[in-house]
Amino acid sequence: MARIVDIIERTIQVSSSMRNADIGFDEMTATALVVVSDVMRQGKPVVGLAFDSIGRYAHGFLVNERMGPRLLSADPSLYACADGPGIDPLRAWSVMMRNEKAGGHGERAGAVGLLDAALWDLQAKLLDQPLWKMLCDRFPGASQPDRVTVYASGGHYQAGEAPQRLRDELCAYQDLGYHHFKIKAGGASGGIDQTRIEAALSALTAGQTLAVDFNAGLQSQTADAAIEGLAGYGLAWIEEPVDPLDYRLLAQLRARHPMPMSTGENLFSLADVRNLLRHGGLDSTRDFINVDISLSYGIPEYLRILDLAAQAGWARRAFVPHAGHLFALHVVGGLGLGGHETAPSHPLLGGFPAGSTLADGMLCLPDAPGVGFEAHAGLCKVFEPMLRP
Ligand SMILES: [Mg+2]
């Protein structure tokens, strides 16, 4: 029976000069996490690693003060795997959520999701399997769990930029093997967004697609005109046009505009997604849901969300999680979701673990055990000092 004996947490600065329609990233932080087990291999403890999804700051306080101590003080029998070696992250989730009231999802959901991600990495290593394979074995349904459609997310607003810069950015992603792209919208006025979109579209070749992300930047008075202005571009989807909790406005926009829409990255619970499905007016045949796995209590809650959505007619292909980086990549493959968002130009998060291959917009995942942070050029440097004895 494996025991969790230590949790190491660091706040990492991930600031940059980028902007979207809602926020700047000049103060952005994220949490790097190491969960240490008492299982020893080659003289070292087997550990689980996790790195925050970007955009909502670090979660160290809640990890250190609440959820982490619950795991460390729990009897290992409470989170032991029932039918094999190691731990069961679904059972550990209940340990972390002990005495937590319903509702009020927010930073708590991100702290639990971070610990949950580290526990899945740990258990995959204990079973000597890549996480995508472990998930596919436990929750069957993915037809090609080792192959994931990935898209390049970028096109942030940068001071003084010319439209040519955006075209060059997408061309660089094409050179990496991407076929699908997303850029920011809603953060400029006077037709600048249309100019940016046209510059991005000018880089695309046959079969390639472009989506735009409003990052909740449109208001009820402006949303109709802004979306109508994009009607002729054949965009893959319009993402998060308005406030993530304004379901009525979203439903009104959904009814007025035919292009696919996508939202959910700022909903952190099953309860919030239930309201989105009830009141947001989304169409399971053309729209997408972007709930961020790490920011919304991790895989246990995400499985409940998938089940709820399935009852309403939503296929797993309609789920394209927000960010989440390497962890989400494995979940998308293992659970057979619709695609994975990447940030290829991010100096820390860009790229994939060694052994991955990207071609024609599809990523072939490696067979190394766990998630693969140790084999990622940027993130391995974050974890290396945390793993020193
Ligand atoms: Mg988004």
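Me: What makes strands β2 and β3 a pair, and which way do they run?
Reply: Seven bridges join β2 (residues 29-41) to β3. A pair needs at least two bridges found by DSSP, so β2 and β3 count as paired. They run antiparallel. Within this pairing, R41 stands opposite K44 in β3. Strands here are DSSP runs of E with at least two residues, helices are runs of H or I with at least four residues, and both are numbered from the N terminus.

Me: How are the residues numbered, and what kind of model is this?
Reply: Numbering starts from 1 along each chain as its sequence is written. The model is predicted: local features need pLDDT of at least 70, side-chain atom pairs count only at pLDDT 80 or more, and totals for chains, interfaces and linings use all residues.

Me: Why is one side of β1 and of β3 left without a neighbour in the sheet?
Reply: The open sheet has three strands in the order β1-β2-β3, with antiparallel pairing. β1 (4-13) and β3 (44-51) stand at the edges, each with a single partner strand, so one side of each has no neighbour in the sheet. The twist averages 25° from one strand to the next. Angles run from 0 to 180 degrees between N-to-C directions, with axes fitted to C-alpha atoms, for helices over the stretch in contact.

Me: What lies across β2 and β3?
Reply: Helix α3 (residues 107-126) does, running at about 140° to β3.

Me: Which domains are assigned, and how many residues of each are in contact with the other?
Reply: The assignment, automatic or from a database, gives domain 1 (4-128 + 382-387) and domain 2 (137-380). Contact means C-beta atoms, placed from the backbone, within 7 Å. By that rule, 36 residues of domain 1 are in contact with 38 residues of domain 2. On the domain 1 side, the largest share, eleven residues, comes from α3. The C-alpha centres of the two domains lie 23 Å apart.

Me: What share of the residues counts as buried?
Reply: Of the 389 residues, 49% do. A buried residue has 20 or more other C-beta atoms within 10 Å of its own, an exposed one 12 or fewer, and a partly exposed one lies in between, with C-beta atoms placed from the backbone.

Key
Two residues are in contact if their C-beta atoms, placed from the backbone, lie within 7 Å.
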